[in-house]
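Colleague: I am new to this structure. Please show me how to read its features.

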Amino acid sequence: MASRGLALYLATLLTGLLECIGFAGVLFGWTSLVYVFKEQCYFVEPREQDCGLRSNATGPPGSKAQDEKFSLIFTLASFMNNFMTFPTGYIFDRFKTTVARLIGIFFYTCATLTIAFTTADSAVLLFLAMPMLAVGGMLFLITNLQIGNLFGKHRSTIITLYNGAFDSSSALFLIIKLLHERGIKLWASFLFLSVCSAWHVGRTFLLMPRGHIPYPLPPNYSYGLCSRFGTRKEEKKAAEPETKELQSKEFLSPKEENSGPGQQQGQGQGHRSFRSCVLSRRFILHVVWLSTIQLWHYFFIGSLNSLLTSLAGSDNVQVSAFTNAFAITQFFGVLCAPWNGLLMDCLKQKYQKEAKKTGSSASAATLCSTVPSLALTSLLCLGFTLCASIPVIQLQYVTFILQVISRSFLYGCNAAFLTLAFPSEHFGKLFGLVMALSATVSLLQFPLFKLSPQNIAVYVSMGLAISLTLAHPFLVYRECRAEKTKSSVTP
């Protein structure tokens, strides 16, 4: 039974990784897709010069109005990618995994079919299709993040691995671009993605639970293929008391664990209400931290085609080469993200061992493990902003590398922080609320684009804002120190 359970867990892990790396975050390969859309004359006014002649001379046609439409589509899609995670997170918490995944598959399939049958004359449908694609992909990610609960001590590593896979999936649009250059029609590529929805449905019923994967994991936990008909409710009832007991112990120090039930009431993180989590300083600071860094990433991705065209002097060959280079670097996000998770897991184990020896708060030790990752993510983004502000096209290779590392750390750190800093039963709602609030800030990318992507004032202001995000890890560290001190002096 144990070996069969492990095989099921590994199958769920690997197929979830494939789902995230192949489908979930394709929106962020937008730069590659814009190149194809420009070749097909999307959003080119009829009165403009013949598109084919201009394409032969300088590459894909481009104009300020055309670039603004593409920027607006990405702004709306990235907004929906984040904003809709709050209602979808609620659906995931309330109606569990199967319902959330089926909704995600519906949105994703509708989006890929719409893009498949969109032409230059009906390009306005992209304003509908890309946000739907983003929402469907985000639901894939949310429902897969719980898989980290199956692997105990490696929970943060797997969460960050999945977020890295989400980032790497943006390379899919590069593959579509390369296939398009070799004669494969755009509609054929997106029709294939639509057919793949059958695989998503199969995985939903065979390799995912109908409910949630609990944390900590109770013994002999099974789901999907290993759950026999008619026994699911009984297994759930048997697992619930043990899961709650394990969950209450997860965040208790040795002192608290040895105390009576009345003394334990309300001390563990598992007893915190959703409202108290949202109104806490650590949550508010985390929203500001994520929103600021994410805004810069979205602005950079949405304006990259315009930026490269300007730096390359409208040289189509150079723009295409740098577009491919950017998309290739995105693929390595899946390799970068787990290092962040490994760092947090190692520090968590180290700090918890120290907490057991000193009798200090285990929850404070757990939270403290996120501080280096939060600070490192801010510093990486600051370096990425500095490189992007220098108008030398060859330097953009360094910019791309820093961007993918920073972005893979950002979302992995966000998900891991929420799982470590707050009770797991609120994860879906908190994750959705964080993304929804940061989505509102991300709308600023379009006004920033209107100022011109090459405006030095944009880079200076964003650099200063990102510098201020270092306040978040500093204040989290102070909070941890205060909790440890308080716990140590408590008899």
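Modeller: We will take salt bridges, then a pair of helices.

Modeller: This is a predicted model: local features need pLDDT of at least 70, side-chain atom pairs count only at pLDDT 80 or more, and totals for chains, interfaces and linings use all residues. Residues are numbered from 1 along each chain as its sequence is written, and side-chain values use heavy atoms, with hydrogens and water left out.

Colleague: How many salt bridges does the structure hold?

Modeller: A salt bridge is a side-chain nitrogen of Lys or Arg within 4 Å of a carboxyl oxygen of Asp or Glu. The structure holds 7. One of them joins Arg101 to Glu19, with the closest N and O atoms 2.8 Å apart. Arg101 sits in helix α5 (residues 85-116) and Glu19 in helix α1 (residues 2-24), 82 residues apart. Helices are DSSP runs of H or I, at least four residues, numbered from the N terminus.

Colleague: Are Arg101 and Glu19 buried or exposed?

Modeller: Buried means under 20% relative accessible area, exposed over 50%, partly exposed in between (1.4 Å probe, protein chains only). Both Arg101 and Glu19 are buried.

Colleague: How are two packed helices described?

Modeller: By the angle between their axes and the distance between the axes. Axes are lines fitted to C-alpha atoms, for helices over the stretch in contact, and angles run from 0 to 180 degrees between N-to-C directions. Helix α7 (residues 155-168) and helix α17 (residues 333-358) have axes that come within 7 Å and cross at roughly 160°. Angles over 145 degrees count as roughly antiparallel. So α7 and α17 are roughly antiparallel to each other.

Note on methods:
Helices (H or I, at least four residues) and strands (E, at least two) are DSSP runs, numbered from the N terminus. Angles under 35 degrees count as roughly parallel, over 145 as roughly antiparallel, 65 to 115 as roughly perpendicular and the rest as oblique.
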